[in-house]
Structure formats: C-alpha cells, structure tokens
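This note sets out points for a colleague who is meeting the structure for the first time. Please read each one with the model in view.

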Amino acid sequence: MSSEYDVIVIGGGPAGYPAAIRAAQNKLKVACIDEWKNKDGSAVFGGTCTNAGCIPSKALLESSELFVKTRDELGVHGIKVGGVEFDVTQMQKRKTGIVKASTNGIALLLKSAGVTALQGHGKLLAGRKVEFSSHDGRKETLSAKHVVLASGSIPTELKSMAFDGKNIIDNWGALDLESVPKKLAVVGAGVIGLELGSVWRRLGSEVVILEALDNFLAVADQGLAKEAARHFKKQGIDIKLGAKVSGAKSTAGGVEVNYSDASGSHTLNVDKLIVCGGRRPFTGNLLGDGTRVKIDDK
C-alpha cells in the first residue's frame, strides 16, 4: 500500500465515497478510509445511510406498506385476498439482501475508479498526514496533498435513556427487531422516529411517539407537516406533542418511560423504546494535535 496520495477521504458514507470516486475520476491518487463494521463483524463501505439508515428503513417501509395495502386496500379494486400474514424474518432477510447489494456496489465503484479502499480508523494529524489504524490493529502514517473529513454522525445518546441494546435502542436496533413489539414508544417525532414508528405500527405494534416540541415536524413546511400528521394518526400512531421525557429504565417486562406534558407527569410502560433524539457529528479520535481544525460545542 502506498503512503502518499493526492487525496485521502476519511469516511466512506454518502459524502465520502462519492468524493473519493470523483477525485479518482479526475486522475488523482485517492484513498478512502472507513471504519464501519456490521453487527456480524463484516467491514463495509456506505456508512450509516446504507447500513443502518436510509436504505434499510426504506426497505422495511416498502414491505410494511405492501402488507397493509394487500390486507386492507385491494378489496376496493375487486381483488379478493384472504388470510394475509406477515413474516418478519423474511422481511429482515430481504432488507439485509438489499443492504448487502448496495455495499457490494459501493465497493465495486471504488475499485473501478482506482480508489484505494482502507477499512479501519482514520485520524488527521498535523501537516496533512493521516494515521490509519486497520481493524486488525496495524497502524500506518499516510500523507496527502488534500484531506477530506467526511466522518458522518452517530445517534445522540441521552444519559437518562442510555442504550442497552435490548429494550432501549437506537435506530439501528429498531431496524433489526426480530419480532413485532406489542407496545412501542419512540422518543422524537423527527424523520427517523416517524419512519420507524410507521413500520412497526403497520405490522401491529401499538406505537406512541413522544415529542418534546409543541409543533409536529417543526422544521418542515407546516402545510406538509399537518398533512403528514393526519396520515400518521390515521395509521393509529399516538403522537404526544409537548411531551418531555425525563428518563427511562429497563424493567422485567420491558421499559418504564417517565415524561411530562401540560397535564402533568406520566409513566408509560412499553416493550421497546426507540430513542431518536437527533444525531451528532462523529468526531471521536478524528483529530490529532496541531491540525488547526476548529470544533465548536455542536
């Protein structure tokens, strides 16, 4: 492996790998470093979007939507279907296949463009040098004329609702559920929380969404937000606005969630709690001393 490049990209998600490919297409010598590892230990490119975000969530949304359409909507077209059932294991198998095809495609694109794909951790050092630590523990110092930081983001974990990987989970955990929870709570009525809540509601889960803000989808156009809220409520999702969650803890039967709203304090018992309280930049061990890269509190 060469130690000198025109461009080194740290991050192989939807910002990093296209940047690396485009630079290589422009006849530059490029390396792309990414440290993503799936739960089975496999190292792949594509980042959160491909492995635990946009791609798998859309796959589950499509499967759950087709189930509901077949069960509830085909009759008006004169199509008679009886005894419609859903197989969560097969749904997850399909989702995994779609994700694998996507990551394989990204690997092929990097190879075809002539990008050196490095799987492990990249750390920017002073003087446009990069410390590469492979997954097997090997370290090497690389140098580049240009370094692109595209390290992405990770879920924001709240101390009052710490992830336990079993009952209190992040979006990745919610995408990998092996059965339909009887009762499910989602903290945060953002895009991620609404998508995940919609998937499991369609499959039969009783879903409660707890949103601290008083406005639904406050960052979106409010005409669209109002229409979206109507559709989610029609699905049977219970959306509680102005609901500030103070804490959650795992119990023998699931999760106990404490929150307050205009009417007072409440306790909610659910089987699973998905915490979607936003995302933060993934900057852990990204910068060495003397890089002169400034990071603020966000």
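1. Helices, as the term is used here, are DSSP runs of H or I with at least four residues, numbered from the N terminus. The model is a predicted one. One such run is helix α3, which spans residues 54-73 and includes Ser64.

2. Is Ser64 buried or exposed? Residues under 20% relative accessible area are classed as buried. Ser64 has a relative accessibility of 0%, and therefore counts as buried. Apart from neighbours within four places in sequence, the residues in contact with Ser64 are Val199, Arg202 and Leu203.

3. The largest pocket holds about 780 Å³ of space. Its lining is made up of 42 residues, and those closest to the pocket centre are Trp36, Gly47, Thr48, Ser153 and Arg279. Two or more lining residues come from each of β2 (30-34), α2 (47-52), α3, β3 (116-125), β6 (153-155), α5 (171-175) and α6 (191-202). Sorted by class, the lining comprises 18 nonpolar, 17 polar and 7 charged residues.

4. The second largest pocket has a volume of about 530 Å³. Of its 14 lining residues, Val68, Glu73, Arg202, His231 and Gln235 are the closest to the centre. Helices α3, α6 and α7 (222-235) each supply two or more residues to this lining. Which element gives the largest share of the lining? It is α3, with 6 residues. By class, the second largest pocket is lined by 2 nonpolar, 4 polar and 8 charged residues. Arg202, listed here among the residues closest to the centre, is also one of the contacts of Ser64.

5. Two residues deserve attention for their backbone angles. Most residues other than glycine have a negative phi. Lys27, however, has a positive phi near 70°, and this residue lies in the loop between α1 (16-25) and β2. With 75% relative accessibility, Lys27 counts as exposed, because the class begins over 50%.

6. The other case is Leu217, whose phi is positive at about 45° although the residue is not a glycine. Leu217 sits in the loop between β9 (206-211) and α7. Its relative accessible area is 16%, so Leu217 is buried.

7. An open sheet is formed by 5 strands in the order β7-β14-β8-β9-β10, with parallel pairing. Which strands stand at the edges? They are β7 (168-169) and β10 (238-241); each has a single partner strand, so one side of each lacks a neighbour in the sheet. Within the sheet, 4 bridges connect the parallel strands β8 (residues 183-187) and β14 (residues 272-275). Leu184 has Lys272 in β14 as its bridge partner. Helix α6 packs on the sheet and touches β8, β9 and β14, and its direction makes about 165° with that of β9.

8. Strands β11 (residues 244-251) and β12 (residues 254-261) run antiparallel and are joined by 7 bridges. The hairpin from β11 to β12 passes through 2 residues.

9. Strand β12 also has 7 bridges to β13 (residues 264-270), again in an antiparallel arrangement. Here Asp261 stands opposite Gly264 of β13. A hairpin through 2 residues joins β12 to β13.

Conventions
Residues numbered from 1 in each chain as written. Predicted model: local features only at pLDDT ≥ 70, side-chain atom pairs only at ≥ 80, totals over all residues. Heavy atoms only, no water. Buried < 20%, exposed > 50% of the residue type's maximum accessible area, 1.4 Å probe, protein only. Contact = heavy atoms within 4.5 Å. 1 Å grid on protein atoms, 1.4 Å probe; cavity = no way out; pocket = protein on both sides within 12 Å on 5 of 7 lines; lining within 4 Å. Points joined across faces, edges and corners; volume = space filled by probe spheres on them. Nonpolar A, V, L, I, M, F, W, Y, C, P; charged D, E, K, R; others polar. Pairing = 2+ DSSP bridges. Axes fitted to C-alpha atoms, helices over the stretch in contact; angles between N-to-C directions.
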